[in-house]
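Here is a friendly walk through one protein chain. Keep the viewer open as you read.

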Amino acid sequence: MGFCFQIGQSPFAAGIYVCTKCGYELFSSRAKYEHSSPWPAFTETIHEDSVSKYEERPGALKVSCGKCGNGLGHEFLNDGSSLKFIPKGEGDSF
Ligand SMILES: [Zn+2]
């Protein structure tokens, strides 16, 4: 599970992502990870209250800035359910 934001592709560079409206710190690039979608995805926020969420439809949360309510994107709860990660050494030898 992770955040998935429809804000276009961005490079994997060090830094933080802030709200475009109020400048509140939202995510660190350290929390960014490769995602099957073309959108940036993050595993955690900088502040616990960086974002607020509400269920827009089953399995999809609307994610907004925790400070000003600026719409940021969506978090999909069933994300990755068709994929299973097997750590090297625990599965069959590839
Ligand atoms: Zn904001």
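## A hairpin to start with

How many residues lie between E2 and E3 in their hairpin, and which turn residue has a positive phi? The hairpin has 6 residues between the two strands, and Gly-23 in the turn has a positive phi of about 80°. Please keep in mind that this is a predicted model.

Strand E2 covers residues 16-18 and strand E3 covers residues 25-28; the two run antiparallel and are joined by 3 bridges. If you want a spot to look at in this pairing, Val-18 stands opposite Glu-25 in E3.

## Overall layout and confidence

The protein has 8 strands and 0 helices, and from the N terminus on its elements read β-β-β-β-β-β-β-β. Of its 94 residues, 20% count as buried. Taking contacts between residues at least 6 apart in sequence, 44% join residues at least 24 apart.

The average pLDDT is 75, and 61% of the residues score at least 70. Among the elements, strand E6 (residues 51-57) has the highest mean pLDDT, 91, while strand E1 (residues 3-4) has the lowest, 56. Where pLDDT is low, the predicted coordinates should not be read in detail.

## The nonpolar core

The largest nonpolar core has 10 residues. Tyr-17, Leu-26, Phe-27, Ala-41 and Phe-42 are among them, and so are Val-51, Leu-61, Val-63, Cys-65 and Leu-72. The elements giving two or more residues to this core are E3, strand E5 (41-42) and E7. The largest share, 3 residues, comes from E7.

Leaving aside neighbours within four places in sequence, Val-51 is in contact with Leu-26, Thr-45, Val-63, Ser-64, Cys-65, Gly-66 and Leu-72.

## A closer look at Ser-64

Ser-64 is found in strand E7, which spans residues 60-65. Is Ser-64 buried or partly exposed? Ser-64 counts as partly exposed because it has 17 C-beta neighbours inside 10 Å, whereas a buried residue needs 20 or more. As a general point, side chains in a regular strand alternate between the two faces of the sheet.

What does Ser-64 touch, leaving aside its neighbours within four places in sequence? Its contacts are Val-51, Ser-52, Gly-69, Asn-70, Gly-71 and Leu-72. For a distance to check in your viewer, the C-alpha atoms of Ser-64 and Cys-19 are separated by 9.4 Å, with the two residues 45 apart along the chain.

Terms used:
Residues are numbered from 1 along each chain as its sequence is written. Helices (H or I, at least four residues) and strands (E, at least two) are DSSP runs, numbered from the N terminus. A residue is buried if 20 or more other C-beta atoms lie within 10 Å of its own, exposed if 12 or fewer, and partly exposed in between; C-beta atoms are placed from the backbone. Two residues are in contact if their C-beta atoms, placed from the backbone, lie within 7 Å. Two strands pair if DSSP finds at least two bridges between them. pLDDT is the predictor's confidence in each residue, from 0 to 100. A nonpolar core is a set of buried Ala, Val, Leu, Ile, Met, Phe, Trp, Tyr and Cys residues joined through C-beta atoms within 7 Å.
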